[in-house]
Structures are given as structure tokens and as C-alpha cells.
Amino acid sequence: MGHGKPVAESPDENLKTGVIPLDTLITRTDMRAHKKYTLNSDQLINYSGLGYTMSLIGGKHKMLILFCLLNLTTARASRLRSMIAPISINYLRLILKQMENDGLIVCKKSNHKIPRVEFSLTKEGKSLKPVLTRLCSWGVKHGESKSQLLTIEGQ
């Protein structure tokens with residue numbers, strides 16, 4: 001019956017064992033125990049790779065910031081703001097701080113007379129390039145105004 005794996009005692013145990021098809025995630029029936037498990041949205045987010053990824057790069061601006069830094073290598077907050085406007089500088093700084101805390105970007109402060117702060121991607125942030133490249137490719141393929149779309153360099 002199925003994959004030859006033992007049936008988990010609870011949906012949490014089953015989720016921790018590896019990749020599970022989405023229909024199994026949403027509703028799972030254990031025929032031996034005659035129990036039906038339905039996972040709520042919090043459980044789906046907590047136990048899926050997609051949920052974890054979205055917790056890091058979800059939202060309106062984080063993927064745009066990653067896209068900009070993949071193309072620019074380093075940038076100041078003002079440069080990022082001009083590329084992804086409209087966004088307030090305070091809100092942008094909050095997002096950049098979140099991304100720094102999540103290990104996606106690094107903030108370098110210079111010791112010049114006029115302090116400069118530049119942001120760049122960490123190794124972890126750079127590892128998202130294939131994901132963003134695929135999303136960009138999908139957008140180019142399915143976008144309405146293809147001549148105006150940008151792509152990630154080296155795609």
C-alpha cells in the first residue's frame with residue numbers, strides 16, 4: 001500500500017519525515033487507526049519548505065531587494081529605495097534589518113568622515129539566485145508586456 005513507509009502516529013510525525021504530497025498534507029486518513037487528520041494553515045507553514053522560504057522572502061519588497069542585490073552586488077539603502085519605490089526609507093530600513101537578522105544580507109558600515117552603509121548578499125542570500133531566476137523566467141514567459149521585463153544577470 002503506497003510507499004512502504006510506516007504510517008505516522010500523528011500528522012506532525014508524518015510531516016517531519018520528509019516531502020509529502022500536498023493533498024496528503026491537507027487531509028490525511030490513517031485507515032488502520034480510522035483517524036482523519038486535517039492540518040490547518042499554521043501547520044502547513046510551520047512544516048513545509050515553502051512556508052519557511054516565504055517567512056524569509058515573502059512580502060511586497062524582500063524579493064525585489066534580493067533581485068536588486070543580485071544585479072548590483074552592493075547598494076546603499078537610498079539606491080535600493082529608488083529602485084523599488086514607493087517605499088518609505090524607515091520601512092525599507094526595517095525590512096533590511098529583518099533580512100540581515102535572517103542571514104540573507106550583510107550590512108557594511110564604512111569608517112569615513114561621512115559614514116556609508118552598504119548592503120550585499122550573504123552566501124545564504126546568493127543561494128536564492130536559482131529560485132529568483134526561475135520566478136523571473138516564469139514572469140517573462142507569462143508576462144503581458146515582455147519587452148519591459150528585466151531578468152537577473154547571467155540567467
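**Figure 1. The exposed side of helix 9 in a predicted model.** Pro130, Arg134, Trp138 and Lys141 are exposed on this side of helix 9. The model shown here is predicted. Helix 9 runs over residues 129–142. The helix has 14 residues. From its first C-alpha to its last, helix 9 reaches 20 Å. That is close to the 20 Å expected at 1.5 Å a residue.

**Figure 2. The buried side of helix 9.** Leu132, Thr133 and Cys136 are the buried residues of helix 9. Seen down the helix axis, these buried residues fall within an arc of 105 degrees, so they line one face of helix 9. An α-helix has 3.6 residues a turn, so residues three or four places apart point the same way. What do the buried residues of helix 9 pack against? Their packing partner is helix 5. Opposite them lie the exposed residues, with Trp138 and Lys141 among them.

**Figure 3. The second largest pocket.** About 340 Å³ of space lies in this pocket. Its lining is made of 13 residues. Met63, Leu64, Phe67, Leu132 and Cys136 lie nearest the centre of the pocket. Two of these names return from the previous view: Leu132 and Cys136 are buried residues of helix 9. Helix 5 (62–72), helix 6 (77–84) and helix 9 (129–142) are the elements that give two or more residues to the lining. Which helix gives the most? Helix 5 does, with five residues. By class, the lining has ten nonpolar residues, two polar and one charged.

**Figure 4. Helix 7 and its buried side.** Helix 7 covers residues 89–101 and has 13 residues. Its span from first C-alpha to last is 18 Å, close to the 18 Å expected at 1.5 Å a residue. Leu92, Ile95, Leu96 and Met99 are buried in helix 7. Why do they share a side? They cover an arc of only 100 degrees around the axis, which puts them on the same side of helix 7. The cover over these buried residues includes helix 5, helix 6, strand 4 (105–109) and strand 5.

Figure 5. Asn90 and Asn101 are exposed. They sit on the face of helix 7 turned away from its buried side. Gly103 comes after helix 7. The phi of Gly103 is positive, near 80 degrees.

**Figure 6. Helix 4 and Gly59.** Helix 4 spans residues 49–57. Gly51, Leu56 and Ile57 are buried in this helix. Just after helix 4 comes Gly59. Gly59 takes a positive phi of about 105 degrees.

**Figure 7. Ser120 in strand 5.** Strand 5 runs over residues 117–121 and holds Ser120. Is Ser120 buried or exposed? Its relative accessibility is 12%, under the 20% limit, so Ser120 counts as buried. Beyond its neighbours within four places in sequence, Ser120 is in contact with Leu69, Thr73, Thr74, Leu104, Ile105 and Val106.

Figure 8. Thr73 is found in the loop between helix 5 and strand 3 (74–75). Its relative accessible area is 53%, over the 50% limit, so Thr73 is exposed. Not counting residues up to four places away in sequence, Thr73 touches Phe119, Ser120 and Leu121. How far apart are Thr73 and Leu121? They are 48 residues apart in sequence and 7.2 Å apart in space, C-alpha to C-alpha.

Figure 9. Ser127 lies in the loop between helix 8 (123–126) and helix 9. This residue is partly exposed, with a relative accessible area of 45%. Ser127 and Leu104 are 23 residues apart along the chain. Their C-alpha atoms are separated by 9.2 Å.

**Figure 10. The chain around these views.** The protein chain has nine helices and five strands. Along the sequence, they follow the pattern α-α-β-β-α-α-α-β-α-α-β-β-α-α. Of its 155 residues, 29% count as buried. Among contacts with a separation of 6 or more, 42% come from residues 24 or more positions apart.

Definitions and conventions
Residues are numbered from 1 along each chain as its sequence is written. This is a predicted model: local features need pLDDT of at least 70, side-chain atom pairs count only at pLDDT 80 or more; totals for chains, interfaces and linings use all residues. Side-chain values use heavy atoms; hydrogens and water are left out. On a 1 Å grid over the protein atoms alone, a cavity is a set of points where a 1.4 Å probe fits but cannot get out, and a pocket is an open set with protein on both sides within 12 Å along at least five of seven lines; lining residues have an atom within 4 Å of a point. Grid points are joined across faces, edges and corners, and a volume is the space filled by probe spheres set on the points. Helices (H or I, at least four residues) and strands (E, at least two) are DSSP runs, numbered from the N terminus. Ala, Val, Leu, Ile, Met, Phe, Trp, Tyr, Cys and Pro count as nonpolar, Asp, Glu, Lys and Arg as charged, and the others, Gly among them, as polar. The expected span of a helix is 1.5 Å times one less than its number of residues. Buried means under 20% relative accessible area, exposed over 50%, partly exposed in between (1.4 Å probe, protein chains only). The arc is that of the directions from the helix axis to the C-beta atoms. Contact means heavy atoms within 4.5 Å.
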